[in-house]
Amino acid sequence: MDEWAGTNCDCLVIGGGPAGLTAAIYLARFNLSVTVVDGAQSRAASIPMSHNTPGFPDGIAGPVLLDRMRRQARGFGANLRRGEVTGLVRSGPGFVASTAQSTIRAQAVLLATGVVNHRPQLLREADHDQGVARGLIRYCPICDGHEASELNIAVFGTGERACGEALFLRSFSSRITLVAPASGHDLDATALESLADAGVILAGRCHAMRLGLDKIELDIEGETRAFDTLYPALGSTVRSQLAQHLGADLAAEGCVLVDSHQRTSLPGLYAAGDVVLGLDQITHAMGEAGVAATTIRNDLAAANPSFLFSSARQDRPRVHAANSARCGRP
């Protein structure tokens with residue numbers, strides 16, 4: 001029997017990163033039926049080692065964290081599916097989501113679809129991914145600026161975003177170089193003064209990149225320069241297309257706008273994590289997801305006060321003692 005056939009749930013979570021999986025854990029523990037559709041595109045999966053995730057003093061790799069969260073969500077009864085939601089429409093008070101496998105009906109939907117980093121086009125995909133794994137390419141100075149302390153750092157980009165990132169990294173290292181893309185630098189007088197005052201070196205156009213043994217090499221205006229690590233500051237694309245097609249309110253940069261309880265402008269539709277304007281941080285995404293899941297539970301209960309009573313939820317799976325121990329439940 002097709003495991004996707006006739007999927008119905010109280011809440012559909014779209015996205016299986018830290019936000020989506022945190023919400024799934026909460027929702028399942030609220031005795032709600034929850035289905036997570038995960039397109040396997042969480043940026044957390046590319047983190048070689050996170051040292052700023054609380055509770056892991058020796059660090060934890062992104063894939064390991066996600067695997068633990070998936071096991072925890074499943075242990076409490078969440079239904080995790082690999083796939084992509086290609087369409088989302090209103091159906092009465094709820095929603096119908098379309099995937100390549102089937103359709104899913106849900107009373108509420110949580111968008112945890114995240115963003116996609118803009119990568120340097122001067123590197124092949126395989127070299128880029130290897131560079132990230134080796135720490136030669138980094139995307140989050142908030143996450144790992146500490147690990148880059150006093151390294152020779154290149155920031156690749158220009159404009160307000162790249163200027164801000166170079167200045168942020170300057171608090172970790174005295175050796176920061178802002179490297180221009182092929183189009184050259186686009187920096188106003190204020191930005192140039194700020195960079196000069198901070199001692200950030202301004203370099204010309206980069207025409208090629210390649211990985212060395214322990215450096216990343218950049219060809220800048222005919223000269224090859226080696227750096228310990230490179231921070232692309234090229235922006236990102238927000239995965240908010242589903243919200244946009246439904247008519248939810250978005251910010252100018254494409255982030256889904258939510259209230260203080262993670263509700264979007266459409267009743268029954270919620271959002272958490274990087275798809276919402278925020279810090280692009282694992283812990284921040286988890287916090288938003290906890291708020292969203294609790295709001296979803298309370299909103300569903302308000303709409304139908306009796307449906308969450310235990311006598312009406314006999315179809316919900318119960319966690320066995322073995323699963324509770326495995327998931328770290330006290």
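Which residue in S15 is the bridge partner of Leu110? Keep that in mind; the tour gets there.

**Before you start**

This is a predicted model, in which local features need pLDDT of at least 70 and side-chain atom pairs count only at pLDDT 80 or more, while totals for chains, interfaces and linings use all residues. Residues are numbered from 1 along each chain as its sequence is written, and side-chain values use heavy atoms, with hydrogens and water left out.

**Stop 1: the whole chain**

Show the protein chain as a cartoon. It has nine helices and 15 strands. Both are DSSP runs, numbered from the N terminus: helices are H or I with at least four residues, strands are E with at least two. The radius of gyration, taken over C-alpha atoms, is compared here with a globule rule of 2.2 Å times the number of residues to the power 0.38. The chain has a radius of gyration of 22 Å, close to the 20 Å that the rule gives for 330 residues, so it is as compact as a globular protein of that length. Along the principal axes, the C-alpha atoms fill a box of roughly 70 × 45 × 35 Å.

**Stop 2: strand S6 and its partners**

Select residues 103–111. This is S6. Two strands pair if DSSP finds at least two bridges between them.

- S1 and S6 run parallel and are joined by seven bridges. Find Asn8; Arg105 in S6 stands opposite.
- S5 pairs with S6 in the antiparallel sense, over four bridges. Ala97 has Ile104 in S6 as its bridge partner. Three residues make the hairpin link from S5 to S6.
- S15 pairs with S6 in the parallel sense, over three bridges. Here is the answer to the opening question: Leu110 has Tyr270 as its bridge partner in S15.

While the strands are on screen, look at their side chains. In a regular strand they alternate between the two faces of the sheet.

**Stop 3: helix H1 and two neighbours**

Select H1, residues 18–29, and H2, residues 62–75. They pack at an angle of about 25°, and their axes are 9 Å apart. Axes are lines fitted to C-alpha atoms, for helices over the stretch in contact, and angles run from 0 to 180 degrees between N-to-C directions. Angles under 35 degrees count as roughly parallel, over 145 as roughly antiparallel, 65 to 115 as roughly perpendicular and the rest as oblique. H1 and H2 are therefore roughly parallel to each other. Their crossing is left-handed. That term applies if the near helix is turned anticlockwise from the far one by less than a right angle; clockwise is right-handed.

Now show side chains. Contact means heavy atoms within 4.5 Å. H1 contributes Pro18, Leu21, Thr22, Ala24 and Ile25, and H2 contributes Leu66, Met69, Arg70, Gln72 and Ala73. By class these are seven nonpolar, two polar and one charged. Ala, Val, Leu, Ile, Met, Phe, Trp, Tyr, Cys and Pro count as nonpolar, Asp, Glu, Lys and Arg as charged, and the others, Gly among them, as polar.

The contact of H1 with H8 has 11 nonpolar, three polar and no charged residues.

**Stop 4**

Which strands stand at the edges of the next sheet? Its order is S12-S11-S10-S9-S8-S13; the sheet is open, with mixed pairing. S12 (223–227) and S13 (229–232) are at the edges, each with a single partner strand, so one side of each is left without a neighbour in the sheet. Neighbouring strands are turned by 45° against each other on average, direction ignored.

Zoom in on S11, residues 216–220. S11 and S12 pair in the antiparallel sense over five bridges. Two of the partners to pick out are Glu217 with Ala226, and Ile216 with Phe227. The hairpin between S11 and S12 has two residues, and Glu221 in the turn has a positive phi of about 50°.
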